[in-house]
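Dear colleague,

I am passing on the structure we talked about, together with some notes on what came out of looking through it. Please have it open beside this message as you read.

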Amino acid sequence: MFSKRLREVRMKCGLTQQNMADKLEISLNAYQKYEQSERSPSLDCLVKIADIFDVSLDYLLCRDSFIQSHAISSGEF
C-alpha cells in the first residue's frame, strides 16, 4: 500500500513528517493523512514525493513487483 511504502521510505531517509510537509508545502495534518491512508495526494504531489526520495511512481504505488513480474522495460513503450 502507498501509505506504508511512503512511511518506510521517509523513515529510511531520516525525515520527519514535518520535514516532508515542509518540502511538499502542505500542512503537517495533510501529510499525516497520506501516511494514515485517510487521504491520497494529487498527481503533482506524488511526483514531488517521488522526486524527493529519488524513486519511481511505480515504487511509491507498490507496482514495482508488477513491473518486474511482467518484465516491462521503458524501451517497450
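What follows goes from the overall fold to the core, then to one helix and the surface.

This is a predicted model, in which local features need pLDDT of at least 70 and side-chain atom pairs count only at pLDDT 80 or more, while totals for chains, interfaces and linings use all residues. Residues are numbered from 1 along each chain as its sequence is written, and side-chain values use heavy atoms, with hydrogens and water left out.

The protein chain has six helices and zero strands, where helices (H or I, at least four residues) and strands (E, at least two) are DSSP runs numbered from the N terminus. Of its 77 residues, 27% count as buried, a term that stands for under 20% relative accessible area, with exposed meaning over 50% and partly exposed in between (1.4 Å probe, protein chains only).

The largest nonpolar core has 15 residues, and those touching the most other members are Phe2, Leu6, Met20, Tyr31, Ile49 and Phe53; such a core is a set of buried Ala, Val, Leu, Ile, Met, Phe, Trp, Tyr and Cys residues joined through side-chain atoms within 4.5 Å. Helix 1 (2-12), helix 2 (17-24), helix 3 (28-35) and helix 4 (43-53) each give at least two residues to this core, and the largest share, five residues, comes from helix 4. Leaving aside neighbours within four places in sequence, phenylalanine 53 is in contact (heavy atoms within 4.5 Å) with Leu6, Val9, Arg10, Cys13, Leu15 and Met20.

In helix 3, Ala30, Tyr31, Tyr34 and Glu35 are buried. They lie on the same side of helix 3, because they cover an arc of only 145 degrees around the axis, the arc being that of the directions from the helix axis to the C-beta atoms. Helix 1, helix 2 and helix 4 are among what covers these buried residues. Serine 3, in helix 1, counts as buried because its relative accessibility is 10%, and, not counting residues up to four places away in sequence, serine 3 touches Tyr34, Glu35 and Ser37. Serine 37 follows helix 3 and has a positive phi, near 60 degrees.

On the surface, leucine 43 of helix 4 is exposed, with a relative accessible area of 58%.

With best wishes
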